[in-house]
Amino acid sequence: MEIFVQQLINGLTLGSIYGLIAIGYTMVFGIIGMVNFAHGDVFMVSAFIALIFFVILTTWLGISSALVALLIVLVLAMALTSLWGWTVERIAYRPLRGSFRLAPLISAIGVSIFLSNFVQVVQGARNKPTPPMVGEVIVLFQGESGYNVAISYKQIIIMVFTAVLLSIFWYLVQKTSLGRAQRACEQDRKMASLLGINVDRTISLTFVIGAALAAVAGTMYLLYYGVVSFSDGFVPGVKAFTAAVLGGIGSLPGAVLGGLIIGLIETFWSAYFSIEYKDVAAFSILAIVLIFMPSGILGRPEVEKV
Amino acid sequence: MNAPSITTTSSDVSATRGRIDWAAALKDSAKAALVMFGLSIPLLAYRTDQSGADLLLDPRWDLVAILCPIIFALRLAIHAFTATRAYRKAVPSPRQATEVVHAEPSAFQKVSRFGIPFFLGVALAFPFIVYVVQGGLNESRYWIDLGILILTYVMLGWGLNIVVGLAGLLDLGYVAFYAVGAYSYALLSTTFGWSFWICLPLAGILAAFWGIILGFPVLRLRGDYLAIVTLAFGEIIRLVLINWVELTNGGAGIASIPRATFFGIPFNSDEDGFAALFGLEYSPMHRIVFLYYLILILALLTNFVTMRLRRLPVGRAWEALREDEIACRSLGINTRNTKLTAFSIGAMFGGFAGSFFAVRQGFISPESFNFLESAIILAIVVMGGMGSQIGVAIAAIVLVGGPEILRNLTFLQAVFGEGFDPNEYRLLLFGAGMVAMMVWRPRGLISERQPSVILKERKAISGSLVKEGHG
């Protein structure tokens with residue numbers, strides 16, 4: 001029972017991170033129908049940006065309050081990662097609009113290889129650890145066998161930040177003109193452009209928002225694990241994509257739901273079955289979901305047009 | 001760094017005037033440099049170095065200061081280039097009006113008429129050429145090894161070309177079959193002591209079998225989803241190879257895999273060895289040269305089978321499937337069997353290549369079969385122009401041989417300092433090249449393709465008329 005509750009907490013934390021990344025996948029797929037394979041690496045880049053700013057803030061500027069440092073890092077990481085997202089879209093995807101269908105995917109694979117190796121070249125291949133930022137834990141209740149169920153401040157911060165940013169983002173998509181333009185482009189790009197929506201700009205903004213949320217995920221990932229390496233984009237990226245598909249690709253609540261489910265499955269699988277095969281589990285879920293329920297939990301079934 | 005496109009209005013204006021709109025070009029270039037500046041904070045400007053438990057930051061603003069002007073100049077150069085090109089296009093050339101569309105043999109036909117015998121001749125004579133040039137067998141080892149490496153990728157490229165280029169099924173997990181082939185040979189030979197010549201066909205059959213197993217679930221998927229699922233399968237196989245320690249020895253890999261024999265005659269210095277039987281002086285290079293010809297024959301076999309299959313109904317069904325799956329199904333082609341044959345035959349050649357890899361290396365570990373390897377093989381197929389056999393071979397030479405040349409350019413070290421290792425930049429350039437290829441020539445180096453079957457008259461199909469990748 002204690003283990004169950006503990007894993008539930010851990011799973012929800014991990015799931016929030018996956019959910020944040022998954023939104024980037026689901027929005028891009030919704031609007032231009034491509035799998036942005038490089039999104040996982042954008043997430044990794046954001047974790048590195050956050051890492052460097054953390055070091056600058058804590059050691060050079062001597063900011064001792066972890067929460068203040070975190071807020072500043074978050075804003076900076078979001079801004080700079082958005083720029084990465086924008087640039088990637090501008091260089092690698094926009095010229096391919098109207099090209100054959102697999103061209104953007106292949107281009108995205110190229111971007112993914114480029115980004116991870118770029119970070120390897122400029123930052124080195126080693127794992128980069130950060131000094132523990134928020135260490136305290138709250139013991140929720142004590143089990144009979146002396147097993148304490150605890151929630152750390154880190155986990156609270158991650159869940160709160162995720163919830164807050166998701167609501168801001170939800171407001172953006174549902175209530176603002178930008179969100180309206182985005183949903184219009186999602187439904188019919190040509191019609192939207194006829195009605196005076198700047199489609200290119202809307203698509204660019206979609207990438208920017210996706211990258212910004214990936215930056216939140218990257219900062220939270222760094223906070224949670226305290227270590228990042230250049231190859232850390234691929235597996236979380238695939239898991240987040242799994243989450244997006246599981247929740248129903250194109251659906252925003254679906255992405256968050258899928259992220260939470262994938263996070264929970266991963267932690268419970270690691271706790272009760274085998275930790276070695278946890279990635280196998282994630283990849284298997286991906287294959288099973290794509291094959292047997294490609295429209296996901298909250299997605300609309302795809303209509304085949306001839 | 002930035003895409004070669006400017007806003008249409010400015011290019012139209014410059015086309016009519018025949019010169020560049022400098023103000024707009026400068027403004028845009030400055031913007032590009034500014035973006036570059038933003039991107040380099042903080043990733044490029046500060047390098048993290050670990051000392052003890054702490055991370056230290058090593059500022060490198062000089063690098064940023066060099067890069068931003070470079071981007072500015074590049075962007076400006078692109079503007080100048082597009083403007084002059086737009087100007088030239090606006091003035092019609094007198095040749096254009098009289099040009100007959102299909103009168104001249106296309107670039108592809110020219111390449112195939114003289115290029116194929118030339119390439120084949122060079123490939124066959126390669127060890128001899130290297131022997132003469134380097135002046136000895138042992139001295140030519142490096143070059144023959146490189147030849148073997150390139151030919152392995154040519155073979156893998158041709159194998160994947162069946163799946164991606166002909167059937168239009170984007171497979172991101174091709175390396176799984178390579179792994180199955182390699183592990184089949186390694187396990188069969190180390191546990192049962194079977195010879196390479198028995199294991200080679202078995203490895204191919206096993207890989208084909210896996211091709212069918214993994215092909216079955218993905219029959220209904222198309223496009224991106226198919227690609228992602230095959231990627232997942234490739235990763236699952238790699239992770240199982242790492243974690244199933246009892247069978248595969250896990251991440252440590254399988255070592256001391258038996259070497260290849262000359263149809264039963266070992267390459268050693270014994271009485272009944274290859275050298276003694278043929279009256280030659282013993283040299284370890286005999287085995288290497290033999291391996292070179294072995295992979296050459298395997299690769300040519302792949303090519304030969306593919307070319308023949310293309311003329312068979314199944315090959316034509318593959319190409320039909322690539323063009324339009326729904327039309328294909330309505331015309332009564334069994335798409336299930338068509339896809340499965342493509343997967344299994346492609347996988348079979350991957351398996352052959354894998355068992356060759358194992359016999360050549362003598363050691364295999366799961367790390368040789370990661371996603372990057374799949375991406376490299378896919379890049380070879382894409383860059384070669386999907387479906388073009390000669391294009392795949394050229395792409396393999398460029399993508400695999402190119403980095404080796406980069407490694408040997410010692411003058412680069414004189415330019416960039418002693419610590420410069422061009423090999424570090426191999427994958428960086430590789431990823432950028434993949435993007436550039438898609439932007440610049442999405443249909444590959446050789447984008448025109450010959451129809452496999454001709455009705456009455458031979459016509460070249462322009463790449464732009466074909467929409468592959470809908471499978």
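Predicted model: local features only at pLDDT ≥ 70, side-chain atom pairs only at ≥ 80, totals over all residues.
**View 1. Chain B at a glance.**
Chain B has 471 residues, and 41% of them count as buried. Its secondary structure comprises 19 helices and two strands. The domain assignment gives domain 1 as 7–90 and domain 2 as 143–408 + 441–465. The centres of domain 1 and domain 2 of chain B, taken over C-alpha atoms, lie 40 Å apart. Take the contacts in chain B between residues at least 6 apart in sequence: 75% of these join residues at least 24 apart.

**View 2. The side of chain B that touches chain A.**
The contact draws 56 residues from chain A and 54 residues from chain B. On the chain B side, at least two residues each come from α2 (22–40), β1 (46–51), β2 (54–59), α9 (223–243), α16 (371–384) and α19. The most come from α9(B), with 13 residues. By residue class, this side of chain B holds 37 nonpolar, ten polar and seven charged residues.

**View 3. Helix α4 of chain A against helix α19 of chain B.**
Here α4(A), residues 103–123, packs on α19(B), residues 426–440. The angle is about 155 degrees, and the axes are 7 Å apart. Angles over 145 degrees count as roughly antiparallel, so α4(A) and α19(B) are roughly antiparallel to each other. Their crossing is left-handed. The α4(A) side of the contact consists of Ala103(A), Ile106(A), Ser107(A), Ile109(A), Gly110(A), Val111(A), Ile113(A), Phe114(A), Asn117(A), Phe118(A) and Val121(A). From α19(B) come Leu427(B), Leu428(B), Phe430(B), Gly431(B), Ala432(B), Met434(B), Val435(B) and Met438(B). Of the residues in this contact of α4(A) with α19(B), 15 are nonpolar, four are polar and none is charged.

**View 4. Leu105(A), a buried residue of helix α4.**
Leu105(A) sits in helix α4 of chain A. It is buried because 22 other C-beta atoms lie within 10 Å, where 20 or more are needed. Leaving aside residues up to four places away in sequence, Leu105(A) touches Met34(A), Val35(A) and Phe37(A), as well as Asp224(B) and Ala227(B). Thr87(A) is 18 residues from Leu105(A) in sequence, with 16 Å between their C-alpha atoms.

**View 5. Helices α16 and α17 of chain B.**
α16(B) packs on α17(B), residues 389–408, at an angle of about 125 degrees. The two axes are 7 Å apart. At this angle α16(B) and α17(B) are therefore oblique to each other. The crossing of α16(B) with α17(B) is right-handed. Ile376(B), Ala379(B), Ile380(B), Val381(B), Met383(B) and Gly384(B) form the α16(B) side. They meet Gly391(B), Val392(B), Ile394(B), Ala395(B), Ala396(B) and Leu399(B) of α17(B). The contact of α16(B) with α17(B) counts ten nonpolar residues, two polar and no charged.

**View 6. A cis peptide bond at Pro42(B).**
The bond from Ile41(B) to Pro42(B) is cis. Its omega is near -10 degrees. Pro42(B) belongs to the loop between α2 and β1 of chain B.

Asn249(B) lies in the loop that runs between α10 (245–248) and α11. Its phi is positive, about 65 degrees, although Asn249(B) is not a glycine. Asn249(B) counts as partly exposed, since 18 C-beta neighbours fall inside 10 Å. Ser256(B) is also placed between α10 and α11 of chain B. Its phi is positive too, about 45 degrees, and Ser256(B) is not a glycine. Ser256(B) is exposed because 10 other C-beta atoms lie within 10 Å, and the cut-off for exposed is 12 or fewer.

**View 7. Glu281(B), an exposed loop residue.**
Glu281(B) occupies the loop between α11 (274–277) and α12 (285–311) of chain B. With 9 other C-beta atoms within 10 Å, Glu281(B) is exposed. Pro217(B) is 64 residues away from Glu281(B) along the chain. Their C-alpha atoms are separated by 54 Å.

Technical notes: Residues numbered from 1 in each chain as written. Chains lettered and ligands numbered in written order. Axes fitted to C-alpha atoms, helices over the stretch in contact; angles between N-to-C directions. Helix = DSSP H or I, 4+ residues; strand = E, 2+ residues; numbered from the N terminus. Parallel < 35°, antiparallel > 145°, perpendicular 65-115°, else oblique. Left-handed = near helix turned anticlockwise from the far one by under 90°. Contact = placed C-beta atoms within 7 Å. Nonpolar A, V, L, I, M, F, W, Y, C, P; charged D, E, K, R; others polar. Domains from an automatic or database assignment.
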